[in-house]
Amino acid sequence: MLSVNDLYVQVEGKEILKGLTLQVKPGEVHAIMGPNGSGKSTLSHVLAGRSGYEVTGGSVSYQGKDLLELAAEERAREGIFLAFQYPVEIPGVSNLQFLRTSLNSIRKHRGEAELDAASFLRQARQLIGKVDLDPEFLKRGVNEGFSGGEKKRNEIFQMLMLEPKLALLDETDSGLDIDALQVVATGVNTLKREDRSVILVTHYQRLLKYIVPDYVHVLANGRIVKSGGKDLALELEEKGYGWLNIDDEATATI
Amino acid sequence: MSNASVNEYMSRKYQAGFTSDIESDSLPPGLNEDVIRFISAKKDEPEFMLEWRLKAYRAWLEMKTPTWAHVKHPEIDFNDIIYYSAPKSKNDGPKSLDEVDPELLRTYEKLGIPLHERAALAGVAVDAVFDSVSVATTFKEKLSEAGVIFCPISEAVRKHPELVQKYLGSVVPIRDNFYAGLNSAVFSDGSFVYIPKGVRCPMELSTYFRINAAKTGQFERTLIIADEGSYVSYLEGCTAPMRDENQLHAAVVELVALKDAQIKYSTVQNWYPGDEEGKGGIYNFVTKRGICAGENAKISWTQVETGSAITWKYPSVILKGDHSTGEFYSVALTNNFQQADTGTKMIHLGKNTKSTIIAKGISAGRSDSSYRGLVRFGPGAEGARNFTQCDSLLIGDKCGAHTFPYIESKNMSGVVEHEATTSTVSDEQLFLCQQRGIDAERAVSMIVNGFCKEVFKELPMEFAVEAGKLLEVSLEGAVG
Amino acid sequence: MSAELTQTSPTDLDSKSFGEQAQPLSLPDDLRDWLVDQALARSADQRWSSAGERFKQIQADALQTLKATPFPTRKTESWRYTSVQPLIAAVNAAASSADANADPASEECLQPEALQALIDQADLVVRFSDTGEAMLKLGEAQAAHLLSFTLHQASGESTKAPNGEADLLGEFGSRVPQGYYPFVSVNAALLSTCLEIRVAAASDDSESVKPRILLLNGSQDAGQGSLSDRQHSRVLLKLARDAHAELTEVRLDAGSAAVFATSVLEASLEANSRLQHYQFSAAAASDSLYAAAFIKLGNHANYAFNGQSTGSALSRTDLTVELTAPGAYAALNAHMLLNGNNRCDYHTALEHMAPHCESDEQVRSIVSDKGKAVFNGRIHIHRDAQKTRAEMNNRNLLMSPQAEVNTKPELEIYADDVKCAHGATIGQLDASAVFYCKSRGIDEQSARSLLSEAFIVETIQLMPAQAQQDLAMALLQRFQETV
C-alpha cells in the first residue's frame, strides 16, 4: 500500500524528517507516536501533499506509484485522506456543496458516474448520524463556527463519505472528550477493511484503546526509533518516552 | 463637573508658554532671492547649497498650498513672516555651553531640557534649535568616539558636504509639496545625524525645537542617515511661547536607513496650541519621511501630538528594501479649537515588506482630529503585509473625529488589514468612576491613557512619562 | 437660457453629430464640451408631450451648470481612481468609424431565466432601449393599484398610470446633495426619460402587496464601432407613510456598440416606509456607465440596497443615503466581480443626520485579470446624530497578479455617543483553505472558484428576495465561467 523509504523533509530550510522509513500493507492499522516536535504532523502533511514541505531525500511509493509526483488533489482521488489536526473553516461553502464537489471529483477520477443530488443527500444523512452530528450541520459552512469536537467529527464524517484507501488521522484524538473519542474510533473501525489502511498519528495512546493498531512506531527527531506491536503503546504509557532516551515533558505528565 | 479639583484642573495653562528676552539678529519679514542669499551667506554655505536653495525657491513660487487636509485657516501671508532670526550671541559662535547666553540656558531649564549635567544624568545628547539656529550640541566628543556625527545641519553642510549633497532632498525632494519646497529654500538650521556602518549609537539623540521671536517662521531641517547595520534612536521635542498671532513651523525631516539599519524616531509635539478661544498657536505643517533603502531596514515613527493650532503631518516610510519594516505609532490629541490632520504613508515597493500603523485620535472641546493615511502595495511588493488600526475617542459633543484611509493594492500576494473604531468617554463610565471615588478628570485621564497605551509603550521611557502628563494638561476643561 | 437653445439652427446642430467631429477629444473638459454640444443638438428634436416646458427648463439649467463644471481628472479627489478616458476613447472611436451602424450586433443578449422570473412577478416593467425610448408594461400582480406614475419621454409619448399621476416633477433634482456630481448634470442635460412614481401604503400590511418595479436597461441594437448614448433616465420615487416597495434595476448589455448611459434615482421614504432596492449591472466591457441614487429616509424608514456589478471600461455608482429622522435604517450591500480590463467604482455615503439611526454596509470584490475595484465608503455622523450605530466592512479578493484594488473607508464624526466602526481587507484566497479542498480531491481551479464564490455568496444571501438572489447567483455563475 504505502512504502516510505529513507525520507528527508525540510520546512523553511529546517530539516524535520531525517531518514524516515515506514511500510504499510493493505488492511493494516499503524500508530505513529512521538513527542511534540518529532515530525509527526510533517509526515502526515508531506504524505497528503501540502506545499511548503521540501523533500530532500528518499522516496514514497503508494500503490506502486511515486506519491511525491502527485498533486495534493490527485493523491486524494487516489484514495488518500487526511483528517486534519486543525480542520479549516470555509464560511459560505456548505458542507453539502463541499463534499459533493469532493466526492464527484473522486468518483470521476475512478471512472464512476457522478452521484445525483438525491442519492448523495441520502448517503450524507445516513453517515452523518454515525458521527453523532445533526443533519443540520450539512447545510452550514464547512466547519464554520463548529466546536473543536464537531470539527473532528466532521472530518470523520467526510472520511466515511469518501471511503479512502489510506486514511491519515493527524492527532484527531487531541482535545476530544471520551464520547467524541469513541465516535472517532467507531468511524475508523467502520472504515476498516482488508484493502484499506489507516495511519494514526497521535501523541497519546488513549485512542489506541478503541482502535487497536497492528503496529506502533515511535517517531523521534525525524525518524522512527522503535517499532513494535500494540503492547508498545502501553509500555509508552507506563514509562513515557524517557526510557527511549527521548525528552518529552508533555508525556511525563499524562 | 463642579468640584474644586476640576476648577483647578481647568485653569491649568500651557506650561511652556513664556517668552525669553534675548536680543535677536533678525531679517525683516518677507521672502525673495536676496533673503535666501542672506541666509546662505550667514551660514557660510558652499555654493552647491545656495544653488539648491534657489532652485527650491523657484520651484516653490510655482507651487500651490495644499487644500485637501480637513483643516481651516486664514490664508497665510508668506511675506509677513521673518525667515531668519538668530540669538545675537550666535555671531561669536558659542564654542561650549559656557559661552551660551545664560538667559538661553535658563530658558532650557524652564523647559526642562536635559542640557548640561542633567543631560549627562539622562544620558541624552541634545541639539537645541532656538528659533532658527542650533545653539549647542552636547556629548559631541563621546559620540565622535563612536564615529557618530551629530551636529547642526549648518555645520554638516560645511564639514560633511559629501553626505549632505548625497542625501539632502533624496527622500523629500524640493518639489514634494508646498511647505517642503519652502523649507528647502529657507531652512536655517536643524540636526544632522550620521551613524556609521555597524554602529549602535551609544545614547538616545535628542533635539528640542523652540520658536521664540514674534512673527518668526521656523523651518528646521533634519537629516538622519543610518549606514548599514547601524541603529539610532532619536527624540524630538518642541515648544513655543504663547502669542496672539499664528506662527508658522514648516520643518522637513528625512531619514535614510540602509541595509540592516534601524531608525527609531520619536516626537513629543507641544507647540503652543492657541488659547481657549482659538486665538494664536502654531501652524505645524511638517513633512517627515524615511526610506528603508536596503534590505531588512527598519524605520519606526512614534509621535505624541498635543500642541499646535493646526497640525498637518504625515511621517511616512518608503519600503524599498526587501524585508524592510515601517512602523507608525501616533497619538494626536486636540482640544479647544485645535485641528489636527495627521497620519502616515506606507509605500511598499520591496518584497516581504511589513508595516504597522496604530493611530489614536482624541478630540475634545471644539476641535477636529483626522487620521489620513495611505497604504500602497506596488506590483513588486510580493508578500507585503500591513496592519492598520485607527481609533478615535471623542470627549464632548462639539468636537469631530475623522478617518480617511487610502488603501491601494497592486499585488495579489499582499495582505492589508485595516480597522477603525470610535468611542467616547461615556457618562456611565464617568459615573462608575465617581461612584468608586475617582473624580471625573482623573477618570478621563485614566481612560485616555489606557486608550493610548499601545502607542506610549513605543516611546523611550522619559518621554512616555512626559507624554502622559502632556495629555493631562492638554485635556484641561475637556469634561464638563 | 432657453433663448440660447433656440439660437442654434438645426443645420449647425447636424454638423456636431458623430463622424464629422473636427478633432478627437483628449481632455476631460473636451468631453464635457462635446456632451454640451450633444445636449444642444438633441434639444431641437425633443417633443416632451407632457410637462415639456418644465423639462426644457431642467435641461437648460443643467447645461448651464455643466458648462461651468470642470470634468474629473486624476487630480479630482472623488475620481482619483476612476478615469473618464474610456468614454473619451469611445466617443473618438465612434467619430472615426465611418460605417457606424452598418454592422448590427449579432450577439444575442443571454437573458438568464432568473430575469424572466423577475419580469413575471413585477407590477411595473419599464424597458429602456438604445434609442432612448422606453416601453412600459403594467403587470398583473396584485399591487399595481398602489402605484401612481407618469413616464415622460423626450421622444414624445408619455404614459400615465390608470390610477393617476405621481406629480413629483417639482422635486426634480431636489434630492441631489451639494457636491461634485458632473454626471448628474449630464443626466439632466441629456435626459431621455423621466419616470415619476408614488407608492401608497396598502391597507393591510403584508409583504405580498408590495409593488415591484423593474427597470430594464440594455443595448443590443447598435452596430460595431458606434456609440449608443441615448439612455439617460431619471426616476423620482416617493414612498408614502407605511408604504412598501421593491425597485430592481437591471442592465444587461451584449451589443457590439459601446454604451454611454446614465441613470439617476431620487427617492424619498416617508415615515415607516420600506424600500428594497436592487441594482444589477452585467454590462459589456466597452461600456461607460454612470448611476446615482440619492435616498432620503424619514422616521423609521428602512432602505436596503443590494448591488452587483461586473464592471466595464468605466462604471461608477454614487449612492448617498440621508438618514434624516430618528429610527431610520439603511443596509447597503454591494459586490463587484471583475475580470478582463473591467473597472468598477462604488462611492457610497451614509449621512447620519438624526439621532438613533443605524446603518450596515458590506462591500466585497473579486478582482481577476487586469480588473480594478474602487470603493469609497463614507460614514458621516452629523452633530445631532447621537446614539448612531454605523458599521462598514469592505473585503477584497485579488485573484491575479495584475488585479488592483483601491479602497477608502471614511469616517467623519461630529457626535460623541456613537458606535462606528469600519474594516477593510485586501488579500488573496486563504492558502490553507485551498489545500483543504485539494486534500479532498478538488483541483486548484475548482477550489479557487468554490472559495471565491463562497466569499460572494455571503453577501448575495443578504438579499431579502429570492428572485433577486437567483439572478445574482446566475450572474455570478456566468462570471465564474469566464474567469
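Author: Two strands are said to pair if DSSP finds at least two bridges between them. In this predicted model, four strands of chain A meet that condition in the order E2-E1-E4-E5, with antiparallel pairing, and form an open sheet.

Reader: What makes strand E2 (14–24) and strand E5 (65–66) of chain A the edge strands?

Author: Each of these two strands pairs on one side only.

Reader: How do you know that strand E1 (residues 2–11) and strand E4 (residues 53–62) of chain A pair?

Author: Pairing requires at least two bridges. Eight bridges join E1 to E4 in chain A, so the pair qualifies, and the two strands run antiparallel. One example is Tyr8(A), whose bridge partner in E4(A) is Gly57(A). Helix H1 (residues 40–48) of chain A lies across E1, E2 and E4 of that chain, at about 70 degrees to E4(A).

Reader: Which pairing sense is found in the six-stranded open sheet of chain A?

Author: The pairing is mixed, and the strand order is E6-E9-E10-E3-E11-E12. At its edges are strand E6 (80–83) and strand E12 (223–228) of chain A. From one strand to the next, the twist averages 20 degrees. Strand E9 (residues 166–170) and strand E10 (residues 197–202) of chain A are parallel; they share five bridges, where at least two are needed, and therefore count as paired. Within this pair, Leu168(A) has Ile199(A) as its bridge partner in E10(A).

Reader: Which residues have the most contacts inside the largest nonpolar core?

Author: They include Leu168(A), Leu200(A), Ile263(B) and Tyr303(C), in a core of 340 residues. Beyond its neighbours within four places in sequence, Ile263(B) is in contact with residues including Ala226(B), Leu255(B), Ala257(B) and Ile299(B). Of the 480 residues of chain B, 58% count as buried.

Reader: How many residues of chain B are in contact with chain C?

Author: 29 residues of chain B are in contact with 30 residues of chain C. Strand E23 (400–409) of chain B is one of the elements that give two or more residues to this side, and E23(B) has the largest share, 10 residues. By class, this side of chain B has 12 nonpolar, 12 polar and five charged residues. E23(B) and strand E20 (residues 404–413) of chain C are joined by six bridges in the antiparallel sense; with at least two required, they therefore pair across the two chains. There, Ile407(B) stands opposite Thr407(C).

Reader: What supplies the side of chain C that touches chain A?

Author: In this contact, 17 residues of chain C meet 18 residues of chain A. Helix H8 (431–439) and helix H9 (444–460) of chain C each supply at least two residues, and H9(C) gives the most, with seven. The residues on this side of chain C divide into nine nonpolar, four polar and four charged.

Reader: Where is the pLDDT of chain B below 50?

Author: Chain B averages a pLDDT of 79, and 76% of its residues score at least 70. Residues 89–95 of chain B are below 50, with nine contacts in the model beyond near neighbours in sequence. Residues 113–124 of chain B also stay under 50, with 25 contacts beyond four places in sequence. Where pLDDT is low, the predicted coordinates should not be read in detail.

Technical notes. Residues are numbered from 1 along each chain as its sequence is written. Chains are lettered from A and ligands numbered from 1 in the order in which they are written. This is a predicted model: local features need pLDDT of at least 70, side-chain atom pairs count only at pLDDT 80 or more; totals for chains, interfaces and linings use all residues. Two residues are in contact if their C-beta atoms, placed from the backbone, lie within 7 Å. Ala, Val, Leu, Ile, Met, Phe, Trp, Tyr, Cys and Pro count as nonpolar, Asp, Glu, Lys and Arg as charged, and the others, Gly among them, as polar. A nonpolar core is a set of buried Ala, Val, Leu, Ile, Met, Phe, Trp, Tyr and Cys residues joined through C-beta atoms within 7 Å. A residue is buried if 20 or more other C-beta atoms lie within 10 Å of its own, exposed if 12 or fewer, and partly exposed in between; C-beta atoms are placed from the backbone. Axes are lines fitted to C-alpha atoms, for helices over the stretch in contact, and angles run from 0 to 180 degrees between N-to-C directions. pLDDT is the predictor's confidence in each residue, from 0 to 100.
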